[in-house]
Amino acid sequence: MAEVPGRKSPTAIDAGPADVTKPVDCHICDNVKATAYCTVCKIHLCTRCEHNHKKNPVTKAHKLLRGSAIPLFTDSSVIDTALDQPEHCQDHQKEGIKFFCTKHTNLCCVACTVVKHQSCKIEYIPDISKDFASSEEYKKLVERIQDIERLVAQCQADIHRCKDAVDSMSKDEIEFFRSFKAEIIAFLDKREAQLLTEIQRRRDEDASILQNLMTQSESMKTTTEEIKRKLNGMESNPERLFIMTKRFQDQVARLQTDVEEIQRKTGYQQYEVQKDATVEVILNSATGIATVEDIPGIELYNI
């Protein structure tokens, strides 16, 4: 099997015997001293990982170095040059993905094959992906993506149409309400004119009656003053005063009757403007005049 790229960033070439004063940690486990080194995978292994490495069908034939033969650093030749930036494992962020587990359909790094997929059938991605661009799986995926793109484009077109419909509907409903408002204002103006005309008619009628009474009272006042003046001028002549008094008796009686009639007629008809009960209910309602309601039976209008 070819050497596996995607390892931790190397910093130097293979060294000779390891410096025992500077122990090397396991490449897979954190803070665990390495006891072996795989010359194929270019990684350091602790005792447990070495055991798993030898049991894994993919790595069991790899040559391992132990003891003083373990290099202090990873070989610089293991730098992954595939597309410059390798795809990293989700479980082991520093590891590049190079294997595929056919049993679990998982993408794996070297650490995954050792820790989680020892008994699985593991395939080396560089080997199985050579003609993948012409495979049915890839073609179907591309077709699905194209279908999704068409659906997205259709959805976006529908969304634009819905937005236009929303704008148009709001404009139409605003115009409808304003037209309705204009009808209400026209109705109020008409009723105002009718009520003002009625009030003015009542005022004119009462004013006319009162004016007639005033004219009669002025005439009676003049007549009374004239009778009084004549009687006052005859007080030195008893005979004339007697005669004139007898003559004025009937006239004064008529004046008495007339003034009592004026007193009876003096007044006016009281009235007041009464609010229409139906309109009063509307004015006291939080939803008076109109409301905005959903069309029954329609939750979402699909174009």
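These questions and answers walk through a predicted model of one protein chain.

Visitor: How many helices and strands does the protein chain have?
Guide: Read along the sequence, the pattern is β-β-α-β-β-β-α-β-α-α-α-α. The chain has six helices and six strands.

Visitor: What share of the residues of the protein chain counts as buried?
Guide: Buried means under 20% relative accessible area. The chain has 303 residues. Of these, the share that counts as buried is 22%.

Visitor: Is lysine 42 buried or exposed?
Guide: Lysine 42 sits in the loop between strand 1 (36–38) and strand 2 (43–45). Its relative accessible area is 8%. The cut-off for buried is under 20%, so lysine 42 is buried.

Visitor: Where is threonine 105, and is it buried or exposed?
Guide: Threonine 105 lies in the loop between strand 4 (99–101) and strand 5 (106–108). Its relative accessible area is 56%. Exposed means over 50%, so threonine 105 is exposed.

Visitor: What is the phi of threonine 105?
Guide: Most residues other than glycine have a negative phi. Threonine 105 is not a glycine, yet its phi is positive. The value is about 50°.

Visitor: Which residues form a nonpolar patch on the surface with Phe177?
Guide: Phenylalanine 177 is in helix 4 (residues 136–233). With a relative accessible area of 38%, phenylalanine 177 is partly exposed. The patch has about 250 Å² of accessible area together.

How values were computed: Residues are numbered from 1 along each chain as its sequence is written. This is a predicted model: local features need pLDDT of at least 70, side-chain atom pairs count only at pLDDT 80 or more; totals for chains, interfaces and linings use all residues. Side-chain values use heavy atoms; hydrogens and water are left out. Patches are made of residues with over 30% relative accessible area and no salt bridge: like charges are joined within 9 Å, nonpolar side chains (Val, Leu, Ile, Met, Phe, Trp, Tyr) within 5 Å. Accessible areas come from the Shrake-Rupley method with a 1.4 Å probe; for residues, only the protein chains shown count as cover. A salt bridge is a side-chain nitrogen of Lys or Arg within 4 Å of a carboxyl oxygen of Asp or Glu. Helices (H or I, at least four residues) and strands (E, at least two) are DSSP runs, numbered from the N terminus. Buried means under 20% relative accessible area, exposed over 50%, partly exposed in between (1.4 Å probe, protein chains only).
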